[in-house]
Every structure is written in C-alpha cells, then in structure tokens.
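Please look over the model below.

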Amino acid sequence: MACPKGWEALEVLKADDRATHPLMRDDFGTLQRVSWNTAIEHFCSRIQQIQERYGKESVAFLSTGQIPTEEMAFLGSLAKFGMGMVHGDGNTRQCMATAATAYKQSFGFDAPPFTYQDFEESDVLVFVGANPCIAHPIMWERVMRNRHSPEIIVIDPRVTETAMQASLHLPIAPKSDLTLFYGLARVLIENNWVDQKYLDSHTTGYEEFARHVQPYKLEMVAERTGISPDTILHLARLIHEGKRVSFWWTMGVNQSYEGTRVAQSLINLAFLTGNIGRPGTGANSITGQCNAMGSRLFSNTTNLLGGHDFLNVNHREKVADILGIDVHRIPDQNSLAYHEILQAAEEGRIKCLWFIATNPAHSWINQDRMRKLSEKLEFLVVQDMYCSTETAQMADLILPAAGWGEKEGTFINSERRINVIKKVCAAPGEALSDFSIFRLIAEHWGCGEMFQEWTSPENVFQILKRVSAGQPCDITGIADYPMLDREGGIQWPLPAGTVLPSSQRRLFEDGRYFHADGKGRFLFEAPAPIPEPACEEYPLVLLTGRGSASQWHTQTRTGKSAVLRKLYPQSIFAEVSPDDATRLGIRTGDTIEVYSRRASIQVRAVVTASVKSGQIFIPMHYAETNRLTHDSFDPYSKQPSYKACAVGMRKIAGAHS
Ligand SMILES: Nc1nc2c(c(=O)[nH]1)N[C@H]1C(S)=C(S)[C@@H](COP(=O)(O)OP(=O)(O)OC[C@H]3O[C@@H](n4cnc5c(=O)[nH]c(N)nc54)[C@H](O)[C@@H]3O)O[C@H]1N2
Ligand SMILES: Nc1nc2c(c(=O)[nH]1)N[C@H]1C(S)=C(S)[C@@H](COP(=O)(O)OP(=O)(O)OC[C@H]3O[C@@H](n4cnc5c(=O)[nH]c(N)nc54)[C@H](O)[C@@H]3O)O[C@H]1N2
Ligand SMILES: [Mo]
C-alpha cells in the first residue's frame, strides 16, 4: 500500500553480492570458496577446539529479530543445549529490549496489549519518539483511515514527517521525556483526572507514584523540556477528554539510557487514566524488526524458550521435559547482554563470535570499538544473505543464507500476530536457509539426535506450541500453518480448546495482569543525567534514526534496488538547523566535519528547520554514523542509547568550491 520496500523485496534477492557459496579465509587472509562440507567441518572443529581450550563460555552467538521464529528457536536451542554455549544475544537488544523489559516489570510478562485496529479506533493518539510515517508506513495508513477525527500528538525533538501530519507537535528537548510525563501525570492527578476505580482494582503503587510526581511542577517541567506550561496543560486536557486514548512509542524511547523508565512513564499514564484493555487505548510499543516479537519469546537468548526463566529450576525441567533433553543441558544462568559479550571479547574472555542475520560492524554503537574486535577474536563467523556486509568482510568464515521469500516459517508482529511466510523462489547458488544450516551443524557437531524432531519449520512450530503451553503466550490452540493462513494470522494467546474469538484481540480486557497478584505496577525513578551532555567543545546533540521509507538499516538489501536508490540521498548527510548554519557559515550542500570524542566524519550539510539549534540529525543508514555514537546503556534493558551524544561541527568546503 504505502511502503516502497515491498515493491522491491524480491528484486533485491537477485543482487550480485549475494553470498552463494561458503567462504573461508585462507592463510594469506583471502576469502576462498569452499564446499559446505569443508565449511561445516571447519566451523565445528574450530569451535570445539576453542571450547576445549578456553571453556564453554568462550564462544557466543549474536543473532537477530529478522529470521523466522522456528529458525531463531533452532539456533538458540542448538547453540545452548547442543553446543554448550551460555552466551547469546540478538540485535533485538538494539531495538526492543527496553519495551520488553518495561512490559515485563509493569505487566509481569512481555506483552504488548494492543491490536492494529486500535490505530483506527482511538480518538487521541500520542506518538512518542516514533516516526511511523516513514518507519511504519502501513500502520500510519491505518491512522489516516481513523474516522474519529483524532487528535494526533507527536512528541519528538525533530519536525519529522509524522510531526508534520500531527494535530499537535511537542518538540521536546532530547532525553527530557521522563520529566514531561511525570509533569503530565501530576497535572492529571491534581485535577482529579484519574480513573480511581481502575487504579484501586487493577494496579499497585499508585500512592507512591502520586508522591513521586509531586515535585514536577509545570514551570520546572517546562524549563527542562522546552514545552510551555500551556501546551502541557492542553495535552493533559486532551488526554482527559479523550474517550479512547492510546500511547505509542518506538526508538526515541527505547534507545535511551533511561528508556525502561520512560516506557513505564507512558504505561503509568495509561493506568492512571484507565486507557488500557479497551478499543483504541493502550500503552503500545511498536516493534522494529519484522520478527522482533519472535525473538523476544522464542530465541532462547534473554529468556528460556517461550518466555521462561533460565534461573528457575521448574522452568528448566519443564522445557527439558517437553524437548526430551537432559535438564543439565539447559544453562542455569542468564546470558551476558550484547555489550557485555563484546566487552568479554575485548578482554579476551570470549574468543569466538557467530553472527547471524545482523550487521553490527555498521549498526552497533561506537562502531570503531566493535570493528577492532576482529583482531581480538580467534574465530569470527558470519551467516548472511550477502557476502559484502561490513561484518562479513571481517569474518573468517561466511555461511551463505537464504532470505525472506526463499524459505518458510512464521513471524510474530507488534500486535502479537503470528503469520506464515512463504517460499516463492529458490536461493541463489548453494545458499541454504538458516534452518538447513542449523540442521547441518547439529549433525556435524554430534548432537543430531537431540534435534531429531526438528526436521522442518512446521515441525518446530509444533514443538514451540508445546513449549508455550500454560504461558501468557500460549498458542496450543493454533493447529498448523494452514490454519494461520486461513485466518490471516492469529494473535497470541490462543490456548487449546478455545474457539478463535475475534481477529482483533487486546490483552487485559479484564484488567488482570500477569503478576501473581493480578495487578499492574507503577514503576518510576528520578531522571538520570545525560551520559554525554553537550559542552563547549562538543556543543550539539546528535540525533540518529531512520532517514526515509526506502532505506532499511545498513542497506544490505535496500541499497541493491535501482528503484529505491532513486528515492533517497546516496551519501551521508546531516540535518543542520538554520541558526547553527548561519553562525558557522554553512549552506546546504557544503561538506562539513562532524566530530565526537570517538571519531570525526565528513558529511553533506542539509540546512533545515526540522532540527532546532543545538541539535543535528544523521540517519543510521550510512556506515559512518555509528563511528560517532557514545556507548551508554539503559541499566535494566541494557539497550544502547543511540539517540543522544555530544558532537561538534565545522565547515570543510563549500558546495561549489
Ligand atoms: N524505512 C524504514 N523503516 C523501518 C526501519 C528502517 O530501517 N527503515 N527500521 C525498523 C526498525 S528495526 C525500527 S526499530 C523502527 C524504528 O522506528 P522509529 O523509532 O519510528 O524511528 P527512528 O527514526 O529510529 O526514531 C524515532 C524518532 O525518535 C526521535 N527521538 C530521538 N531522541 C528522542 C528523545 O529523547 N525523545 C523523543 N520523544 N524522541 C526522540 C528521533 O528524532 C526520531 O524521529 O523502524 C522500523 N521501520
Ligand atoms: N545510530 C543508530 N544506530 C542504530 C539505530 C539507530 O536508530 N541509530 N537503530 C538500531 C536498531 S533499532 C536496529 S534494529 C539495528 C539493526 O541493525 P542490523 O540488524 O545490523 O541491520 P540490518 O541491516 O537489518 O542487518 C541484517 C542483516 O541480516 C541479513 N539478513 C537478512 N535476512 C536474512 C536471513 O534470512 N538470514 C540471514 N542469515 N541473514 C539475513 C542482511 O543481509 C543484513 O546483513 O540497528 C541499530 N543501530
Ligand atoms: Mo530496530
């Protein structure tokens, strides 16, 4: 309907730089084509040697939210139960960790409550740190179809494409969201614009929360956020008067050193006003990657398959029993988080990394540090569709993978809907589906027996159903892929014995949350200082994010389409505010140097009022961007804070010089 990437999704599968054969680095450092047999033998023997020499914990995997759930589950199970790894994380950490953690703490389970129909049912939609106009164009289309003449409020430091379409835009000072939402809560409480009945029946911690927000007086909030007292009052009134108010957030919230508490400050507003569990309401995190939800529940990284807990012996026994494996095969400790795995590699405790469907040499925060890792590691394996990615170029071994359209499985989207993806064409050369690669590894490793039943994605789906039994994400009522197909996808939960009630379902309609007491929790904390504030030498805040609807992340796919390439700037640019530009003599088209404490890069200036003085925006789709970013993390979710670091800029050359 509205997303140009869809037109070209099959076209980009034909690119020249597809990985078509396994490639292994020879003694002279050149990547050479080898047979699958050689590649997998080498993979297994190198990893076994490293584990024997340095222990099981010296090998880790870093995976993704972009392959089918069945493949993720296979990878996580093979690596941890079959190969004995303890540490494995996903690029989902870069993206959704904050939302997952916030939901888990507030609701008792990682459970986004909404259904996409809510975009059309709301009369007040509040978008925070989200630019769905370009990042979720199909969802944005649904907002445009809303027949309730909704108020659309966008809270974003930049005048984004979405902000331009809003009925109210709050150009908030970067990283002051927590202060704004505590201030807003205070106004709602002061005016008695709260749903006391909901608070009493369905939540805990309200009194403490009300005390906590007491000091967030309008003037102070206005000063810190740059949003006037009148506008804050106006927003509070809109929320109060709305019948169906929904709060939506994305990376402007998640990618912050205090993201978990910001997400919860939105959840708190939904509790406070009873805007949850009804049509058009909710505290709703929109997912980034196509199958981040599959990764959150079934990748066996941050939690044991199906939202279970590695630290809980009953959970380990339950899962071992269902899989028919020895319970001692399941680690009784949590994995290190992504940045802790990288740090362990820097310190020489981890010697081997296996990357699957992610390109962190481009996308990881403070990238130069990441790139130096290849010198430290003894063995680096990359499993990708393309052999040209920045990360693949660092690899000792490249395993060529089939992509979307070339294999089957299921994806779970933001509204908890499980969908089947279809194979519509063959993978090029000898590339194999990730699923087939994991099967080969299991056989060569010597743990094939453990995965006897894991012969096809559809069989694994049956295993995952059994693992989900009794969990909030119970899907035992879904028969098989044909049923998913017939129904146009099915939202979890659907326990066995239930007749599919409706195609649009919300959670918490009965006000019962997943904590033992059935209540939702108010969680809050004083705002933390910005890890790297702007200063005299680095006077600007660098904002990063999506640049256009036609670019996807590190561009391994969208960069291959002649059609898409016409729809976005080919080389890196920065959005510079008119005031800063005038002060520094910068004009659109000039080459400028942007420097942080980590690195200095050259970009083309685009002078535009989309950013305010003191800010600069650079899209993430160009490899240089993450050379600048500062690696700080949310303490609960351990998600990288990609969206605020201190930089400076100066003019290098005029457009026509
Ligand atoms: N075309 C396209 N679509 C995509 C993707 C893509 O690469 N290309 N990627 C997908 C993925 S994985 C994801 S995670 C989503 C991301 O989707 P979004 O989160 O909507 O996109 P971003 O541009 O990363 O960030 C959103 C906004 O956060 C704002 N922001 C920065 N700091 C703050 C702050 O302190 N407070 C507030 N309130 N806002 C702030 C930025 O200015 C930016 O406009 O998009 C998905 N969709
Ligand atoms: N500065 C800054 N940095 C950011 C962000 C930001 O806003 N600002 N956003 C962050 C976010 S939210 C995200 S999600 C990350 C994304 O970061 P990455 O995950 O590193 O980015 P992608 O380009 O999506 O990489 C996916 C890789 O998987 C490959 N691939 C695709 N399909 C398959 C498959 O089926 N099998 C295999 N084996 N490979 C496949 C692709 O070719 C590609 O190389 O970037 C993060 N980085
Ligand atoms: Mo993401």
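The model is predicted: local features need pLDDT of at least 70, side-chain atom pairs count only at pLDDT 80 or more, and totals for chains, interfaces and linings use all residues. Residues are numbered from 1 along each chain as its sequence is written, ligands are numbered from 1 in the order in which they are written, and side-chain values use heavy atoms, without hydrogens and water.

**Around ligand 2**
- Ligand 2 has 35 residues around it, each with a heavy atom within 4 Å.
- The closest are Gln66, Asn91, Ser363, Asp384 and Thr554.
- Domain 1 (4-95 + 290-491) and domain 3 (540-656) both give residues to this shell, so ligand 2 lies between them.
- The shell counts 12 nonpolar, 17 polar and six charged residues.

**Polar contacts of ligand 2**
- A polar contact is a pair of N or O atoms within 3.5 Å.
- A side-chain N or O atom of Gln255 is 3.1 Å from a nitrogen atom of ligand 2.
- A polar backbone atom of Gln383 is 3.0 Å from a nitrogen atom of ligand 2.
- An oxygen atom of ligand 2 lies 3.4 Å from a backbone N or O atom of Ala402.

**Second largest pocket**
- The volume of this pocket is about 720 Å³.
- It is lined by 35 residues, meaning those with an atom within 4 Å of a pocket grid point.
- Closest to its centre are Arg93, Thr101, Lys104, Thr302 and Asn303.
- The lining divides into nine nonpolar, 18 polar and eight charged residues.

Methods. 1 Å grid on protein atoms, 1.4 Å probe; cavity = no way out; pocket = protein on both sides within 12 Å on 5 of 7 lines; lining within 4 Å. Points joined across faces, edges and corners; volume = space filled by probe spheres on them. Nonpolar A, V, L, I, M, F, W, Y, C, P; charged D, E, K, R; others polar. Polar contact = N/O pair within 3.5 Å; in protein donor to acceptor, adjacent residues only side chain to side chain. Domains from an automatic or database assignment.
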